[in-house]
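This briefing reviews the structure shown below.

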Amino acid sequence: MRFIETWTPATLVATRDLTPNVREFLIKPDQFEAAAYPVGSHINVSVTIDGLPETRSYSLVGEASSHGLRIAVRRAEDSRGGSRYMWSLQPGARLDITQPASLLAVDWTRENYCLIAGGIGITPILGAAQALARRGADVTLHYAVRSRREAAYLDDLATMLGDRLVVHASEEGSRLDLDALFASLPRGTLTLFCGPMRMLDAARHAWIGAGHPLPDLRYETFGSSGTLPTETFTVRLKDSGVELEIPRERSMLDVLNASGFEVISDCKRGECGLCAIDVVDVDGEIDHRDVFFSDHQKQSNQKICACVSRARGTITVDTLLRADAV
Ligand code: FES
């Protein structure tokens, strides 16, 4: 599915602190119709980082409501600046946002559903839990957090799901054992996952190891989560003598486009693969943060999704044409 980015002005109506590090934002577009949006939908929000316009993508929390669109943002120390900007906003602030869009296809006809959220990954999962609970579906939500204090929407979920909510708080010594969980699920269970990249990798391996079909594991992740810390790296353009620095708060896609090297893109969430660029050399390490490439493709390091993936050191990429030269 291709996203059609229609930007619309909106107002931040209210904020609410859910945990010490997670703040909810209620946003109302100027032309607002409380139309239902698919589970797993997200919006892009125009943010300003170091005086430059950037885009950040946030999952919508819960099902559609007449009050507006809800997102929740974790204030991340390792942030590229988006969460700092969002946390600086006060009610009444004006924003530009896109229409809700979703890549998470949910088959509502299954007999069993398993929902898994890691930390702030609860945001798209909450709407799925609401929709499944309303349908009376057989659903269990596994919520992996460091502590209950840091678990956003815990009370809402407990009310909604009762003992079908299982909290795995590492501070309490309770860790989510994905191998054991997936081995216990009946065939045909549809699992919806949202969590950091490391957890997604573990989930994919455990899912395949348990013999479930990979298409029955549907997932979302956040582009800000990788296996390496977010740091400045260098992109060298093959045969051109051009080197570009990608600062920690900007994506490779944004820097390349701003420098006149046009890279087409669509989702900007590491999902569609449209922004993939050929890599010819890696002096350091690539941190693949997309969910588009397979493990094998990631290990081969032949391509990189410029919208979310990053690197340590210097990577050399091929065949970028300067937009004003073609
Ligand atoms: S734009 Fe979709 S993966 Fe980068």
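The model is predicted. Its largest nonpolar core comprises 33 residues, and a second, separate core comprises 25 residues. Five strands, S9, S8, S7, S10 and S11, form an open sheet with parallel pairing.

**Nonpolar cores**

- Within the largest nonpolar core, the residues that touch the most other members are Leu-115, Ile-122, Leu-141, Tyr-143 and Leu-157.
- Two or more residues of this core come from each of strand S7 (112-118), helix H2 (122-134), strand S8 (138-145), helix H3 (154-161), strand S9 (165-169) and strand S10 (190-194).
- The greatest contribution to this core is that of H2, which gives 7 residues.
- Because domain 1 (7-98) and domain 2 (112-220) both give residues to this core, it lies between them.
- When neighbours within four places in sequence are left aside, Leu-157 is in contact with Ile-122, Leu-126, Ala-129, Leu-141, Tyr-143, Ala-152, Gly-162 and Leu-165.
- The second, separate core has among its 25 residues Leu-244, Cys-305, Cys-307 and Val-308.

**Parallel sheet and its helices**

- The strand order in the open sheet is S9-S8-S7-S10-S11.
- S9 and strand S11 (217-220) are the edge strands, each of them pairing on one side only.
- From one strand to the next, the twist averages 15°.
- The parallel pairing of S10 with S11 extends over 4 bridges, and Leu-192 stands opposite Arg-218 in S11.
- H2 lies across S7, S8, S10 and S11, and it runs at about 155° to S7.
- Helix H5 (residues 197-209) also lies across S7, S8, S10 and S11, and H5 runs at about 175° to S11.

**Residues with positive phi**

- Lys-268 is a residue other than glycine with a positive phi, near 55°.
- The loop between helix H6 (252-258) and strand S14 (276-287) contains Lys-268.
- The relative accessibility of Lys-268 is 32%, so this residue counts as partly exposed.
- Asn-301, likewise a residue other than glycine, has a positive phi near 55°.
- The loop between helix H7 (295-300) and strand S15 (303-305) contains Asn-301.
- Asn-301 is partly exposed because its relative accessible area is 23%, which lies between the limits of 20% for buried and 50% for exposed.

Note on methods:
Residues numbered from 1 in each chain as written. Predicted model: local features only at pLDDT ≥ 70, side-chain atom pairs only at ≥ 80, totals over all residues. Heavy atoms only, no water. Core = buried A, V, L, I, M, F, W, Y, C linked by side-chain atoms within 4.5 Å. Buried < 20%, exposed > 50% of the residue type's maximum accessible area, 1.4 Å probe, protein only. Domains from an automatic or database assignment. Contact = heavy atoms within 4.5 Å. Pairing = 2+ DSSP bridges. Axes fitted to C-alpha atoms, helices over the stretch in contact; angles between N-to-C directions.
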